[in-house]
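I record here what I looked up in this structure. The entries follow in the order in which I took them.

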Amino acid sequence: MSMFRLFVLALLLGGCAAPYDYAEDVDFHSFTSVALAPDNDIGSLDGSRIGAATRAMLPAQGLRLTTPDQASLWLHYRLQEETRLLTVMPRMLSPHPGSWDDDERVYGAVKEQKLVLWLTPPHSDRILWRSRHPRALPGDNIKGAERRRRIEQQVAELLQNYPPRP
């Protein structure tokens, strides 16, 4: 396998982990309970799927589920809309350097939704931990049980990063 192909494969595999960040001055082991933040969108189908998945998986992260008024942490979630440009990559080994084949060209754009989870103390805007999934949720063509399964998978991947490991 060529060095270029190995490099591309390493980039693709390295991009699978969900990026996260956290407040380094916080002892996360001191938190024992969590509730879904009251401002989460539980009225939509995806919101209810995300809420159910997080409630099912948070106890495995060492957090007891409780009501918002009793929780030491609130979990927030959002589907963050982003625009991804569709491009044609330049030809790396063009026989005519400097030709139009060397330029990356945009031929369209697509709107995507990416799942973001974050934790705050109750009644606070201070984010203590945040993780955003690198892959977009499936579009409207995926529905029902398959959509729920994919949301559960993304929630599980995001929660693998809690508690954070310095």
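**Largest pocket**

I found that α2 (45-57) and β4 (73-88) each supply at least two residues of the lining of the largest pocket. The model is predicted, with local features needing pLDDT of at least 70 and side-chain atom pairs pLDDT 80 or more, while totals for chains, interfaces and linings use all residues. Residues are numbered from 1 along each chain as its sequence is written, and side-chain values use heavy atoms, without hydrogens and water.

I noted β4 as the source of the largest share of the lining, 4 residues. Among the lining residues I listed Asp39, Asp46, His76, Arg78 and Trp118. By class, I recorded 4 nonpolar, 4 polar and 4 charged residues in this lining. The volume of the largest pocket is about 160 Å³.

**Ser33**

I located Ser33 in strand β2 (residues 33-36).

**Whole chain**

I counted 3 helices and 6 strands in the protein chain, where helices (H or I, at least four residues) and strands (E, at least two) are DSSP runs. Their pattern along the sequence is α-β-β-α-β-β-β-β-α. Of the 166 residues, 33% count as buried. For contacts with a separation of 6 or more, I noted that 71% join residues 24 or more positions apart.

Conventions: On a 1 Å grid over the protein atoms alone, a cavity is a set of points where a 1.4 Å probe fits but cannot get out, and a pocket is an open set with protein on both sides within 12 Å along at least five of seven lines; lining residues have an atom within 4 Å of a point. Grid points are joined across faces, edges and corners, and a volume is the space filled by probe spheres set on the points. Ala, Val, Leu, Ile, Met, Phe, Trp, Tyr, Cys and Pro count as nonpolar, Asp, Glu, Lys and Arg as charged, and the others, Gly among them, as polar. Buried means under 20% relative accessible area, exposed over 50%, partly exposed in between (1.4 Å probe, protein chains only). Contact means heavy atoms within 4.5 Å.
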